[in-house]
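My entries follow in the order in which I looked things up.

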Amino acid sequence: MINKNSHLKRLLVKATLIKNTLLVVKGNSYIFSGLCLLVCIILFAVVGMHIIPFDPVKIGSVPMDLPPSSKHLLGTDSLGRDLFAQLCFGTLTSLQIGFLAGIIGFLIALMVAFFGGYHGGKLDGILTTLTEVFLTTPTLIILIVIAAVVERIEIPTMALIISAFAWAWPAKTMRAQVLSLKERGFIYLSRLSGLNSLEIILKHMIPNILPFLGSYFAVVVSAAMISEVGLEVLGLGPRHTITLGMMLHWAMMHAAVTRNLIWWWLPPCIMLFLIFFSLFLFQRGLDVIANPRLKGE
Amino acid sequence: MGLPYVIRRSIVYFLSLFGGLLINFLAPRLVPGNPLQARLMELQRMGVRAGGQEFVEKYMRIFGLEQPLHIQFINYLSSVLQGNLGVSITRFPTEVREVIALHFPWTLGLLYFSYFACFFIGVLLGALVGWKSSKMRNAVFMLFIVLSQMQYYTVAMSLLYLFAFLFPIFPTGSAYSLGITFESIFHQIADIAWHAALPALSIILTGVGGWTLAARGLMVSIKGEDYLMLAKAKGLSERRRFLYYGLKNTLLPQVTDLAITMGFVATGSILVEVIFRYPGMGYVLYRAITALDYPLIQGIALMYVFGVTTAGFIVDLMYPLIDPRVRHE
Amino acid sequence: MSLEEPGLLKVEDLRVYYKTRSNPVRAVDGVSFSVKRGEILGIVGESGCGKSTLANAVLRLIESPAYINGGQVFFKDLNLLNIDEEKLNKIRWKEISLIPQSAMNALNPVMKIYHQIKEVITDKKIKFSDKEIKEKSEEIMKRLMLPSYILNAYPCQLSGGMRQRALLLLAFILNPSLVIADEPTSAVDVVTQRKILEFLDMQRKDFGTSIILITHDIAIVAEVADRIMVMYAGKILEMGDVTKIFENPLHPYTKTLMESIPILGVKREVIGLSGLPPDLRNPPAGCRFNPRCRYSRSTDICKLKEPELRYVDNNHLIACHMYS
């Protein structure tokens, strides 16, 4: 009897939590619009991919340098590929890499921040110094060196390389959060009541800083995408597929700007802007929840 | 401040440099096979004159690729510390350091000018918007936020398109006009400035957003502080309150961010240089990547790491000197 | 109420409200009083009774979401609420200065104490040389027992007590006619408290400075004030000569306040006050103290009509139906 009751109770708590989260998302216009925008982008890309019959990657599949027309909505590039197909496919690929790198980086940051910040001592000292080192070194430069030697860059490789540096900033900020949380009364109590560290971290600390975590995650994904596009524009991206950054790279290689091929370089820029903007809105909204003082701004 | 702080920052600084050197060293070695040999063969097939077998042999000797890894690393370290960064493949037999010396001033001028312009414009704008909002100020504020979300490449390409192509006010690239004799040094300087205008503008327009957002947030929280209220009670003019109580307290804490964000702006400047073919280290790096000129890639990368971390280190050491709160912790 | 001699400061029916989503909070709701030259007026009351809001309102430091909803503040025949900002800035600090409630953050963290002093002097276009400024500061610092090195220090280098006294130094350096001290002794230890009170007394004696001393601690009012004003829920309940009111408090609230002070050597029950102050968005219709008043009965004029502040004696005002 008792087990059934507590089981029901837990379900109820979970349901209320979900409901509350949805309410928060709805109520906060920043989060809502950010998410909406991102979803729209993804939908646009997915739908576009299915509608357009052209291959975004195969060179020479269509005539080169055609201006926009009803057949090729954004025209074609100097390598004989349809630009609209590239845009849609590239958006999805770029997002894939960005989110993959972001998730890996975020998880690394979580572990560094919590195990270092919580346990303190020598481990914390080493981890903090490590974080500082990764934070002060200009990451893209190092990424360039690494990417330049990798023979064939594919999506997982790229995500891994980027995540190797994307974790530093969130690790530092999350550690500060952990340190201040540690001092809070209820954490002290849970330590006294005998819970082990992992349980305390998972059950008590993390749920209390969810808005912060969400905000940091958005920042990590943003930073990862900036690194990604940076590498790609310089030519260090996956060459056997297409991403938004690579589109810009090919555009630059063929002097698209000065050849007045505005349909080549402008759409990827706009798409990237929309992605970054949506992440920015999302992160801003979470900041406001975490820090209600910001509401006045 | 005090000794522990200096020691901390020094450790981080030297570890960063060491890390950079380590990656530089390990990267080509972790790839199976001899990348130099492979690339060289590729280049020779494409008809690029790159020095042939003698070059590879010289390199094998310099790197001592037969020797154990740690010995190789020590050799590498000692040669770097002596200022020897190797020889460029594409510009053989020019040494890497000569190439860098040629192009480094352009990057330095562009980067430092634009970076500090970003900081001051950004913080001032943010402080003004945070102090008193008005339709005009908010609009400008939002504009810069949007521009910063557009990233360096969008802004650079758009500026290139609008003001060098559509309305050819500015040149489409390079740092100075070739083949023209100038009447005086002033004309020469003006020519350089004219060429640097769009690249600098690209960096500034993109970079201001970040600073201005942070500055505004800081100013808004400062406005609620007791000392600002007392400043009003003292009957001080608004201008004085804004400058000495508001702006000064907003400016100082952000100086530390200068060190952190320098890395971002440096990488952004690489993209800008590439788009405008501005002959700084970034553009050379780009060309080196395309040609897979490893020594040059690594040499330039090392320069950037060194430049950014050193500048940051200096800022970190100098900051306690200007902010009394940190100094007397 | 205007039977008194022309004073230095005259506040008439001042109302300061705070905007909320519902009704505004009536933090100061029709307060009238005056301060004579060379007198120390102690304003006492619980937290939230409106004393600090009142202090800020005198110097027109009220900012959103608070706003002044009516009343006048006369200082030497000038209505401070009406004159333009430029004129007001000339009066601020030179004629009237303020010692704010928490000293921790009231000093500009990036300016040395000396520069903050020089700043107010230069701002009022007073031409003192650096030497003169130092001398004048050190005079006051001696009375406050502040060491001379604080002039060259930043606020973060000073202890809490020192910062509080530095604020006092700043407030008195221009020798204003009126100083509003908002809880000048709350954040400091007993010894510093003594020093500060002695200093205030000295200033009044030697320079004829009027002081409004705002506090929730009636003990210090008993020490230095000439008159006392008891505030509650945005209104004045009792006001008059300090000795008289201490010996014979008339208003039920004042009575409770006096009875709550433990007296050395006397064993008696220390009675407190049950309940909480009213919600100032919807203050009770009649007397605001009524819900907690021990003399309250169920069918009372106290519940229906607000008592006016009336003279019950020369120099003794009270707002209570029991005395009208």
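Predicted model: local features only at pLDDT ≥ 70, side-chain atom pairs only at ≥ 80, totals over all residues.

**Entry: a tryptophan in chain C**

Is C:Trp93 buried or exposed? I counted 24 other C-beta atoms within 10 Å of C:Trp93. The cut-off for buried is 20 or more, so C:Trp93 is buried. I placed C:Trp93 in the loop between α2 (85-91) and β6 (96-99) of chain C. Then I checked its backbone. C:Trp93 has a positive phi of about 75°, although it is not a glycine.

**Entry: an aspartate in chain C**

I looked up C:Asp77 next. C:Asp77 also has a positive phi, about 75°, and is not a glycine. C:Asp77 sits in the loop between β4 and β5 (78-79) of chain C. How many other C-beta atoms lie within 10 Å of C:Asp77? I found 7. The cut-off for exposed is 12 or fewer, so C:Asp77 is exposed.

**Entry: a cis bond**

I went on to the peptide bonds of chain C. Which residues does a cis peptide bond join? I found C:Ser64 and C:Pro65, with omega at about 10°. C:Pro65 lies in the loop between α1 (51-58) and β4 (66-75) of chain C.

**Entry: chain C as a whole**

I listed ten helices and twelve strands. The radius of gyration of chain C is 20 Å. The globule rule gives 20 Å for 324 residues, so chain C is as compact as a globular protein of that length. Along the principal axes, the C-alpha atoms of chain C fill a box of roughly 70 × 50 × 40 Å. Buried residues make up 44% of the 324 residues in chain C. I also looked at contacts in chain C between residues at least 6 apart in sequence. Of these, 63% join residues at least 24 apart.

**Entry: chain C against chain B**

What does chain C touch chain B with? I counted 21 residues of chain C in contact with 19 residues of chain B. On the side of chain C that touches chain B, α2 and α3 (113-123) of chain C are the elements that give two or more residues. By class, I sorted that side of chain C into 13 nonpolar, five polar and three charged residues.

**Entry: chain A against its neighbours**

I checked chain A against chain C. No contact joins chain A and chain C. Their closest C-alpha atoms lie 12 Å apart. Two pairs of chains touch, and the most contacts are between chains A and B. That contact takes 38 residues from chain A and 42 residues from chain B. I listed the elements of chain A that give two or more residues to this side: α4 (121-136), α5 (139-149), α10 (210-233), α11 (244-253) and α12 (262-290). Which of them gives the largest share? It is α5(A), with nine residues. By class, the side of chain A that touches chain B has 26 nonpolar, nine polar and three charged residues.

**Entry: two helices of chain A**

I picked out α3 (residues 83-119) of chain A and α11(A). Their axes come within 7 Å and cross at roughly 130°. That angle makes α3(A) oblique to α11(A). From α3(A), the contact takes A:Gln86, A:Gly90, A:Thr91 and A:Ser94. From α11(A), it takes A:Leu244, A:Gly245 and A:Met247. By class, I noted two nonpolar, five polar and no charged residues.

**Entry: confidence in chain A**

I read the mean pLDDT of chain A as 84. In chain A, 95% of the residues reach 70 or more. Which element of chain A has the lowest mean pLDDT? It is helix α9 (residues 197-208) of chain A, at 74. The highest, 92, belongs to α11(A).

**Entry: a serine in chain B**

I ended at B:Ser88, in the loop between α4 (69-81) and α5 (96-131) of chain B. B:Ser88 is buried, with 26 other C-beta atoms within 10 Å. I left aside its neighbours within four places in sequence and listed its contacts: B:Thr94, B:Val96, B:Val99, B:Asp293, B:Pro295 and B:Leu296. I also checked B:Gln72, 16 residues from B:Ser88 along the chain. The C-alpha atoms of B:Ser88 and B:Gln72 are separated by 19 Å.

Technical notes
Residues numbered from 1 in each chain as written. Chains lettered and ligands numbered in written order. Contact = placed C-beta atoms within 7 Å. Helix = DSSP H or I, 4+ residues; strand = E, 2+ residues; numbered from the N terminus. Nonpolar A, V, L, I, M, F, W, Y, C, P; charged D, E, K, R; others polar. Axes fitted to C-alpha atoms, helices over the stretch in contact; angles between N-to-C directions. Parallel < 35°, antiparallel > 145°, perpendicular 65-115°, else oblique. Rg over C-alpha atoms; globule rule 2.2 N^0.38 Å. pLDDT = per-residue confidence, 0-100.
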